[in-house]
Amino acid sequence: MSEEEVKEVPPKEQEAEEASDEEDDNAADTNDETKKKKKKRKKKKKKKKSGSAGGGGTPLLKPHGRMLGESHFTDYYLKHGQTNPPSIPVSQLFEENPSGSKPYPVGEITEHPLEDNKYRIDSAEKRAHDRLQEDVYSKVRQAAEVHRQVRSYAQSFIKPGIKLTDMCQMLENKNRELIQEDGLRRGIGFPTGCSLNHVAAHYTPNPGDDTVLQYDDVMKVDFGCQIDGRIIDSAWTVSFNPRYDPLLEAVKEATETGIKTAGIDVRLCDVGEAIQEVMESYEVELDGKTYPVQCIRNLNGHSIGPYQIHAGKSVPIVKGGDTTKMEEDEMYAIETFGTTGRGYIVEDMECSHYMKNFHAPHVPLRLPRSKKLLSHINKTFGTLAFCRRWLEREDGGSAAVNGQKGKQEKYMGALKNLCDVGIIQPYPPLVDVKGSYTAQYEHTIMLRPTCKEIVSRGDDY
């Protein structure tokens, strides 16, 4: 009872109340305490219920980087029942259909561009063909949802001041967790690229690299997820300074044009020509000087095969390329690179990316260390790309395969030997001229019999 309420009580009633003051106060105190405890219990129960459902809640967090979707929140995955930060494997967020498959989010669906393909979307024959591929589509979509959740989580902590090694480890560990890493069956598709400024691709920190992300950096984040060898390859550009916005906008729009142009029976050269026209219509002003945005003409998109990130076909980003046609049931990584530099990259800097040649010849190895390292690569990575950081992890790149006894030591000589004989291919960083800035955007698309599905599409890009 408050003081104001006591003043309003008539004198006689007040005297009567004072006689039993102590008893009433004690009873009131006991009741109040009991009510408070009940409220606390109720609150705890609600919290527990929410947690058991996987978190829930309304997405609220915006990314630190620029040029990501206006409606994008880094905790978007809460709508799927995910926790924040994400900790539940993606396969557990979706219940099985009566058919036994899981309804993973379908990518953006568009029609194939050529007039001759208009019939496909309503064709009973093509729909039947589509249904036969449902198992493959499910794996690809699961990997794509893992990619979306991992990259959204990464966008919440990628900001100036973070060490690139720490960034890659956090991203890759979350990738392993959400995909339920299981050696060659499920895991990371390739090392996390975090190429800065004039470096366009194929850079990830080697052990001992202490590079820190700066406010004025332009970083390309490129990583992959794979399930049964079905690889999702998608990338975006991180920047914090608005002066780079026109560069990012040019590359983003060029990638969208490439995706829109691609389709069954489309010639690869036509995709490249459309990309270049859009990309080179932009310019960017830096420090009082205007730079035309150019395509990096010797970088391409590519077809993707099972356990083969580059499956043989290249998608150019300039005109005058290959006249080969895209075909039904193929998967492609449509990626474009723009630069303020010369538009031509060369290999430079210390190598970090490696991959076993898909058609590697049988070569008798004399060095025991080379045999040991090749055996480790075969069982841990197969023909998927790997990096030196992974070799030096306690699990050697896969806890499912090696436990905590996979760490490779004194392996550089053996790795060089495997590269020299052609079994392993090194992929050094690809760089434009120093002082220039490069940007990249990339999506994975499936050329389904009925339609084109942009499987890696998200609210962010």
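**Salt bridges and aromatic contacts in a predicted model**

Asp130, Glu134, Arg141, Arg448 and Glu453 are linked in a network of salt bridges. The model is predicted, so local features need pLDDT of at least 70 and side-chain atom pairs count only at pLDDT 80 or more, whereas totals for chains, interfaces and linings use all residues. Residues are numbered from 1 along each chain as its sequence is written, and side-chain values use heavy atoms, with hydrogens and water left out.

Me: Why is the contact between aspartate 245 and arginine 66 called a salt bridge?
Reply: A salt bridge requires a side-chain nitrogen of Lys or Arg within 4 Å of a carboxyl oxygen of Asp or Glu. The N to O distance for aspartate 245 and arginine 66 is 2.6 Å, so the pair meets the definition. A search of the whole structure finds 27 salt bridges.

Me: What makes this pair a link between parts of the chain that are 179 residues apart in sequence?
Reply: Aspartate 245 lies in helix α7 (residues 245-261), while arginine 66 lies in the loop between α3 (21-52) and β1 (108-110), so the pair ties these parts together. Helices (H or I, at least four residues) and strands (E, at least two) are DSSP runs, numbered from the N terminus.

Me: Why does aspartate 245 count as buried?
Reply: Buried means under 20% relative accessible area, exposed over 50%, and partly exposed in between (1.4 Å probe, protein chains only). Aspartate 245 has 13% relative accessibility and therefore counts as buried. Arginine 66, with a relative accessible area of 31%, is partly exposed.

Me: Why is the aromatic pair of tyrosine 354 and phenylalanine 386 called stacked?
Reply: Rings of Phe, Tyr and Trp (its six-membered ring) pair if their centres lie within 6.5 Å; planes under 30 degrees apart count as stacked, over 60 as edge-to-face and the rest as tilted. For tyrosine 354 and phenylalanine 386 the centres are 6.1 Å apart and the planes form an angle of 25°, so the pair is stacked. Both residues are buried. Tyr354, Phe381, Phe386 and Trp390 form one aromatic cluster.

Me: How do you know that the charged end of arginine 176 sits over the ring of tryptophan 390?
Reply: The definition asks for NZ of Lys or CZ of Arg within 6 Å of the ring centre and within 35 degrees of the ring normal. The charged end of arginine 176 is 5.7 Å from the centre of the tryptophan 390 ring and is assigned as sitting over that ring. Likewise, the charged end of lysine 62 sits over the ring of phenylalanine 73, 4.7 Å from its centre.
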